[in-house]
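Subject: Structure handover

Hello,

Here is the structure you were going to look at. My notes on it follow below.

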Protein chains: 2
Amino acid sequence: MAERSGFVREITPPDEDYSQWYQDVVTKADLADYGPVKGFIVIKPAGYALWENIQAGLDRRFKATGHVNAYFPLLIPESLLIKEADHVAGFTPEVAWVTQGGQETLSERLAIRPTSEVMVGAMYAKWVHSYRDLPILINQWNNVVRWEKVTRPFLRGTEFLWQEGHTAHASGDEAMAETLRMLEVYHEFLQTELAIPSRIGRKSESEKFAGAEITYSLEAMMGDNRALQAGTSHYFGTRFADAYGIRFLDQDGVEKSAFTTSWGMSTRVIGALIMVHGDARGLVLPPKVAPTQVVVVPIGANASTEVAAAARALQADLSLSLRVHLDDRPEFTPGWKFNEWEMRGIPLRLELGPRDLAASQVVAVRRDTGEKQPLPIAGLAGQLSALLERMQGELLARATRRLAEHTHTAADYAVALPILTERQGWVEAGWCGSEACEQQVKADSGATLRNLPLEQNVPATCLVCGAKAHYLALWGRAY
Amino acid sequence: MAERSGFVREITPPDEDYSQWYQDVVTKADLADYGPVKGFIVIKPAGYALWENIQAGLDRRFKATGHVNAYFPLLIPESLLIKEADHVAGFTPEVAWVTQGGQETLSERLAIRPTSEVMVGAMYAKWVHSYRDLPILINQWNNVVRWEKVTRPFLRGTEFLWQEGHTAHASGDEAMAETLRMLEVYHEFLQTELAIPSRIGRKSESEKFAGAEITYSLEAMMGDNRALQAGTSHYFGTRFADAYGIRFLDQDGVEKSAFTTSWGMSTRVIGALIMVHGDARGLVLPPKVAPTQVVVVPIGANASTEVAAAARALQADLSLSLRVHLDDRPEFTPGWKFNEWEMRGIPLRLELGPRDLAASQVVAVRRDTGEKQPLPIAGLAGQLSALLERMQGELLARATRRLAEHTHTAADYAVALPILTERQGWVEAGWCGSEACEQQVKADSGATLRNLPLEQNVPATCLVCGAKAHYLALWGRAY
C-alpha cells in the first residue's frame, strides 16, 4: 500500500492551536496552496469546485432579484481613484501599482482594483442621462488585490475572488431598499446553502466602508468564538455620484445626482465555512454546496469483483440525482480512504463489503456525527437525499445554537470584559454611540464593535460609560 | 415618443468601412464600451451574458473530458517569468509590471499574468512527485493583461477574459493526445454553439506560441475574408517541465520530466461571432448562445389591454422552454423596437397585434433572413424551438459555404497574390517549409501562414519558390 506523498497526516487539534488547525485543514483538505508571492494563494480544484457552487447559489439569487452581470477593467488610473476623498484615504495604503507597460514607463500610475466603485462610477456617469436609464443593477465576478501585511488563506489575501454588485437609483429610498434587499439575500444564502447563521446590522462610523454613508454587515461566529464579517452591503447616498458625475434628468425636469449602492461577498466565506463546521478530523462540507456529496468505498474490492461491480453500479445509479464519487483505488486501504474523505469533508460515506452486498445493503456514515446506519440498496437514492437534507438542517441548527449560546447579554462592563478577552463569545449590550467608548472596548479587550443589529432593542445604559444608551451593539473579537 | 439618448442610429455599412461597421455593432448592440484606460473595455451586460453562455458551453465540455477548474495568482515574480527563454522573449515586451505595493517599492517587479504557464509550472513542480500524481487536468477562467499597442474591442485588448487549460502528463503521446483532443473540443464547440466553422492545423515555427514545441490553431473566416485565430492548443513537450522542475518518479523507478500542454479560448470569439454572422443591420446571434432568443413586441398595445395581456401570457408560457423578452415599453413605437432588437441580434421577433390575436396567431420574423411567417399560438413553443434550431443550422451552413467559396486552391503565385492582397479570401497551396518563402508572402501581400491543415494533401510544389512542397499551407490576411 503506497502512501501518496504522505498525504494523510495529523491535523493539529483545534483546541490546541486553532489557527494552525485552520491552516492544516486548508492544505490537507487540498483546498488551497501557497503561491510564489507572499499573500497569494492558489485555489486548488477541491476549493474551486466549492467556490463554483457558492457562485452558482449567489448568481441565481442575484438574477432572481433583477441583476445582470458585466465586467469592468482591472486597472484604475490614479487620477480617477482619488476623486472620492474618503475612499482614496481608505484604500490607497493597500493598493498595488502598475508603473510600467511593456518597455515604457507609464505617465500615470494605474491601480489594480482593490474594489470597483471608482471604475463603475466613471462608467455609470457615461451611461446615465435620464431617469429612464435608472435603475442600473449590475454585478461583476472578478479578482481584486489589496496589499495586506498579514494574510491567511481565504480569510485575508493579497488577491481574492469575489463578486461586487453596483447599483444606481433615482431616489435614496430605492437605493436604501436595494442595500437592505442584498443584505437579506446574503443572509438567506449563508443560512440555506452554507448552513451559516449570521447577525446582520449596521457598522459604526469607524468601521464602515471608506466612502460609504452606511455599511451593513453579516457577522458569523467561528469555532473559536471569533466573528468573521462574511459580507457587506453599502449605501452611498450621492457621494460617489457627486464625485464621479452620475447625474440624470429626473421626471420633474431637474438634473440630479443618482443614489448608489455596492455589496460584496468573497472567497472569504470558504474560510467561514471551514471554521463554522470543521472539526478535529478536518473539513465538514454542508451537503448543498459539497462538490462531492457521497463517496462510495468498496471494502475488500480487490478480492471480490462482485463488490467492485456493485459499487460501480451504485455510483452510476446514485449519480442520476446526487454528486457521487467512487473511490476504488486499489493502492489504498479502506481505513486510509475513510480518513482521507473525512479530512476532505465529504458529507456521506457509503461502505460496501461482501456481507453488505449479500444483505443488499450499504453502511452509510455521516461526516458530521459519525453516525453509522445500514440502508437497503433498494430505494437508496431517496434515502440518501433525505439524509443529506437532514444533515444540512442539523448543521445549521447546531451553528445557530452555538451562536445563541455564545452571545452574551451584558449590562456590566466587568462581566463583559472577560467574555471578550478570553474569547468566550460575543457581547450584546447598550452603547451611547461615542467613539471613545468604542475605542475603550477595543483597547481593553481586543474586541471590535461588529455591528448594530437591525432589530434594535436598546438597553438602558452604555456598557462602557454608563450613560444613556442609544443603540444595541454587538461586540466581539474578529478575524 | 422619447428617443433614449439617441440610441438607435445608423450603423456604417460593412462594405463601406468594415472596421467602422464592427465598432458600430459592438457599441450599438451594447456589447461593450471603452474604459478610461486605453485598450481596456467594459463588457456590458448584453456582451457579458453572451460570454456567460460561451463559458457554460465550454466548461461543460471541459468537465466532460475530465478537467477540473482551479485558480492561480494574478502576479508572477520576474525571476520566475524568465526561466523559460523563448517564453520570456515572446511575452516580456507586452507585460504590465507592478512595482509598488501599498507604500513600499517592491524588491522584485511582479508581472500581471499575460498567460499562466509559468505560474502553473511552478505549482505543478510542487504537486507532482510520482507517476500517480499524473495526469493533472486543470483549467482556469480568468483575466490576463498584454500591453498591446493597437487594440480593438474583443479582438485585441490590453486586458481580456479567457480560459487557459494546463495539463501535465507522464508521456509525450498522452500530452499530444490531450493537445489534439482540446483542439477538437474547440472545433466542435465553435461549430455547434457559435455556428462558426474553422480550419484546424499546425502553426509554422515563426507563428507558434512562445515556448511551445507545437501550436495548433483554429482559423475562422470573418465577413471581410480575413482570418481570425479563434483558439489555440499547445504541446510543450518537456520544455516547461524542464524549466520549472515538474519531475516525477515513473513506474520504472526513473525520475523524468513531465510533458505539458496548454490551450485557450477568449472573449475574442465574441468578435468572431460578430464578424461571421453580423450584417448591415447589426448583430446576428446564433440561437444556442443568444441570451435572449425571442423578443415579443405587442403592436398597438397602448390601445388594447387585451393584446398587452396576451403578450404577457405568451412570454410567461414560452419562458418555460425558451429565453424570451417582452418589450412592452409604452414610450417606443413598434418600428423603433424592431430596429433596436435587430441591431442587438435577437434571433426571433414575435409581433402580436389585435388582428393576430383575433386569428390566434403571432407573426414570427427571423433576424438572419428577415423571413416573416404567421404561426398559430397553440403549440407555439414547439414551433419556435424548431425554427431556432433551423436558424442555427442555416447560420452554420451559410458560414461553411462562405468559407469554402473563399478558400482558393492555387498553384500559381501570380494568381494567389491578388486573392490575398485584395482580400478575396484565403489561399491553400504547397509550401516548401522555408521561412524565406513564408516571409515573402507576407511582404508581398500582407498575408500570413495561418496554419498547416491537419489533413495534409501536399501539392507538388511550393507556391512561392516552386521547389518541392513539404506541406499544404493555408494563407490569409488576419486579425
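In which sense do strand 20 of chain A and strand 21 (residues 426-431) of chain A pair, and over how many bridges? The two strands run parallel and are joined by 3 bridges. H408(A) is placed opposite V427(A) of strand 21 of chain A. Two strands count as paired if DSSP finds at least two bridges between them. Helices (H or I, at least four residues) and strands (E, at least two) are DSSP runs numbered from the N terminus.

Some conventions before the rest. This is a predicted model, in which local features need pLDDT of at least 70 and side-chain atom pairs count only at pLDDT 80 or more, while totals for chains, interfaces and linings use all residues. Residues are numbered from 1 along each chain as its sequence is written, and chains are lettered from A and ligands numbered from 1 in the order in which they are written.

The sheet in chain A

The pair above belongs to an open sheet of 11 strands with mixed pairing, in the order 3-7-8-14-11-10-9-22-23-21-20. Strand 3 (68-69) and strand 20 (407-409) of chain A each have a single partner strand, so one side of each has no neighbour in the sheet. Helix 2 (residues 45-64) of chain A packs on this sheet and touches strand 7 (136-145), strand 8 (159-169) and strand 14 (259-266) of chain A. The direction of helix 2 makes about 5 degrees with that of strand 8 of chain A. Axes are lines fitted to C-alpha atoms, for helices over the stretch in contact, and angles run from 0 to 180 degrees between N-to-C directions. Helix 6 (residues 172-194) of chain A lies across several strands, including strand 9 (199-202) and strand 10 (214-221), and runs at about 165 degrees to strand 11 (227-237) of chain A.

Domains of chain A

Chain A is divided into domain 1 (18-277), domain 2 (294-385) and domain 3 (407-476), with bounds from an automatic or database domain assignment. The C-alpha centres of domain 1 and domain 3 of chain A lie 28 Å apart. Their contact takes 15 residues from each of these domains, two residues being in contact if their C-beta atoms, placed from the backbone, lie within 7 Å. On the domain 1 side, strand 9 of chain A gives the largest share, 4 residues.

Strand 17 of chain B

5 of the 5 residues of strand 17 (residues 348-352) of chain B are buried (20 or more other C-beta atoms within 10 Å of the residue's own, all placed from the backbone), so the strand is largely enclosed by the rest of the structure. L348(B), L350(B) and L352(B) lie on one side, with R349(B) and E351(B) on the other. Strand 17 of chain B pairs in the parallel sense with strand 15 (residues 294-298) of chain B over 5 bridges. Strand 17 of chain B is also joined by 4 bridges to strand 18 (residues 361-366) of chain B, and these two run antiparallel.

The two chains

The contact between the chains takes 48 residues from chain A and 48 residues from chain B. The largest share of the chain A side, 6 residues, comes from strand 5 (residues 96-101) of chain A. That strand pairs with strand 5 (residues 96-101) of chain B in the antiparallel sense over 5 bridges, and G101(A) stands opposite A96(B). 100% of the interface residues of chain A are also interface residues in chain B, so the copies meet through the same surface.

Regards

Terms used: A residue is buried if 20 or more other C-beta atoms lie within 10 Å of its own, exposed if 12 or fewer, and partly exposed in between; C-beta atoms are placed from the backbone.
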